[in-house]
Amino acid sequence: MIARIMQLLTDKGHTVSSFFRDSSTIQSSADKINAFFSGIWSYDAARQFEEFLKVERPDLIQIQNLYPLISPSILDVARRHDIPVVMRLSNYRLFCPNGLLMTKGRLCHKCMGGREYWGFLKNCESNILKSAGYAIRTATARRSEAFARGVTHFYAQTHFQRSLHVAEGFDQERISVLPNFVDGISASEHALSDTKGSYVAYSGRLSHEKGIDLIYKLAEGLPEVPFKLAGAIGDFLDAPKPPNVELLGHLSGDDLRNFYYNAKMLLLPSLWYEGFPGVALEAMSVGKPIVASNLGGMPEIVENETTGLLCEPGSVIQFRAAIEKLWQDDRLALEMGDAGRSKLLKEFTADVYYRNLMDVYETALDIQR
């Protein structure tokens, strides 16, 4: 998505520069210790960023995740240069040390309200030193108001995500909402699927927080319904796989698009607060209804009884009823899929995203003037 945004900006005549630091070399104990301290405050990153700004002289800076090697230190550099900073809130890292509001496979809000120490007490990273480091890093940034002072304007992916940041003390007037987009979709291309679909599809990580255990239970209770799961196969599934479940492994490109195209519906039974899953938009682009957990920002993507069906997270009864409802009613599935594609073309295209992003940038520039 970053590459597509940069392409949009350059296509519209804007100059785009990038400042990245590679964190892939963190291997040795010394590297890990350095990453711990540099994550809190990196003088090296600040120095390099100072040099970068002197050469590039940008009008605006956009950031996303400054950890582990960049750190909030560059925000002070930007402020000295009087350059506005826009931050995309892709997760909950500004008040949750691991960024997910989840620990040991369950939702967790214990670190909210300035209680980052719970990340250490619950050992969220399954490594006590790493958990302590994450907690200290988040607490330090909060107490120093590094992001509150250093970021001119934020944008979240959903209103739900925005509301949690506001609850944590961030100024609601400084947080816009920009839903994600799917690229390459127009009213004239990629027509609605002309097939009723022959299976229930899932695409994503095959992990507990994504609801894979629930999918297995649903498949066992609906033996006549085929389930096809696309995603890297992990080692978390101890229970035997039901015979009507097919694991396809990682899919991409045309293979992934055909996977959605030939499905009856997309199943998203997540047990955590999804950011803004691209798989939902990909399925909507070919007119497939979505059966999803009524959790977090998902109701902003899936309109219950209109573009899909929302269920109580983890509820076998509700998810089974929803799947049966669409499986047995071809007309309803097609109508919901059509409504989903219409919603996508109206709200979740690259052009819509670009216009909204430019509004955010203009807001930040006006604040700085």
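The side chains of Arg-205 and Glu-209 meet in a salt bridge, with an N-to-O distance of 2.7 Å. A salt bridge here is a side-chain nitrogen of Lys or Arg within 4 Å of a carboxyl oxygen of Asp or Glu. Arg-205 is partly exposed, at a relative accessible area of 43%. Glu-209 is buried, at 17%. The model is predicted; local features need pLDDT of at least 70, side-chain atom pairs count only at pLDDT 80 or more, and totals for chains, interfaces and linings use all residues. Residues are numbered from 1 along each chain as its sequence is written, and side-chain values use heavy atoms, with hydrogens and water left out.

The structure holds 14 salt bridges. Side chains of opposite charge can pair when their charged atoms come close. One of the bridges joins Arg-80 to Glu-50, with the closest N and O atoms 2.8 Å apart. Arg-80 lies in helix α4 and Glu-50 in helix α3, so this pair ties together parts that are 30 residues apart in sequence. Helices (H or I, at least four residues) and strands (E, at least two) are DSSP runs, numbered from the N terminus.

Lys-325 is partly exposed at 35% relative accessibility. Glu-305 is also partly exposed, at 46%. Elsewhere, Asp-44, Arg-47 and Glu-51 are linked in a network of salt bridges.

The largest nonpolar core has 37 residues, of which Ile-63 and Phe-147 touch the most other members. Such a core is a set of buried Ala, Val, Leu, Ile, Met, Phe, Trp, Tyr and Cys residues joined through side-chain atoms within 4.5 Å. Helices that give two or more residues to this core are α3 (43–56), α4 (73–80), α7 (146–150) and α8 (159–167). Strands β1 (61–63), β2 (85–89) and β5 (153–156) likewise give two or more. Helix α3 provides the largest share, five residues.

Two surface patches were examined. Patches are made of residues with over 30% relative accessible area and no salt bridge; like charges are joined within 9 Å, and nonpolar side chains (Val, Leu, Ile, Met, Phe, Trp, Tyr) within 5 Å. Accessible areas come from the Shrake-Rupley method with a 1.4 Å probe, and for residues only the protein chains shown count as cover.

The nonpolar patch covers about 530 Å² and is made by Tyr-117, Phe-120, Leu-121, Ile-128 and Leu-129. Helices α5 and α6 (128–143) each supply at least two of its residues. The largest share, three residues, comes from α5. Tyr-117 is found in helix α5. Its relative accessible area of 45% makes Tyr-117 partly exposed.

The positive patch is formed by Lys-104, Lys-110, Arg-115 and Lys-122. Lys and Arg count as positive and Asp and Glu as negative, while His and the chain ends are not counted. The place of a charge is taken as NZ of Lys, CZ of Arg, CG of Asp or CD of Glu. Lys-110 occupies the loop between β4 (106–107) and α5 (117–121). At 34% relative accessibility, Lys-110 is partly exposed.

Several C-alpha pairs bring together residues separated in sequence. Arg-320 lies in helix α12 and is partly exposed, at 29% relative accessible area. His-250 is found in the loop between β9 (245–249) and α10 (253–261). At 64% relative accessibility, His-250 is exposed. The C-alpha distance from His-250 to Ala-230 is 5.7 Å, for a sequence separation of 20 residues. Gly-287 lies in the loop between α11 (278–285) and β11. Gly-287 is buried, at 8% relative accessible area. The C-alpha atoms of Gly-287 and Lys-264, 23 residues apart along the chain, are separated by 9.7 Å.

Methods:
Buried means under 20% relative accessible area, exposed over 50%, partly exposed in between (1.4 Å probe, protein chains only).
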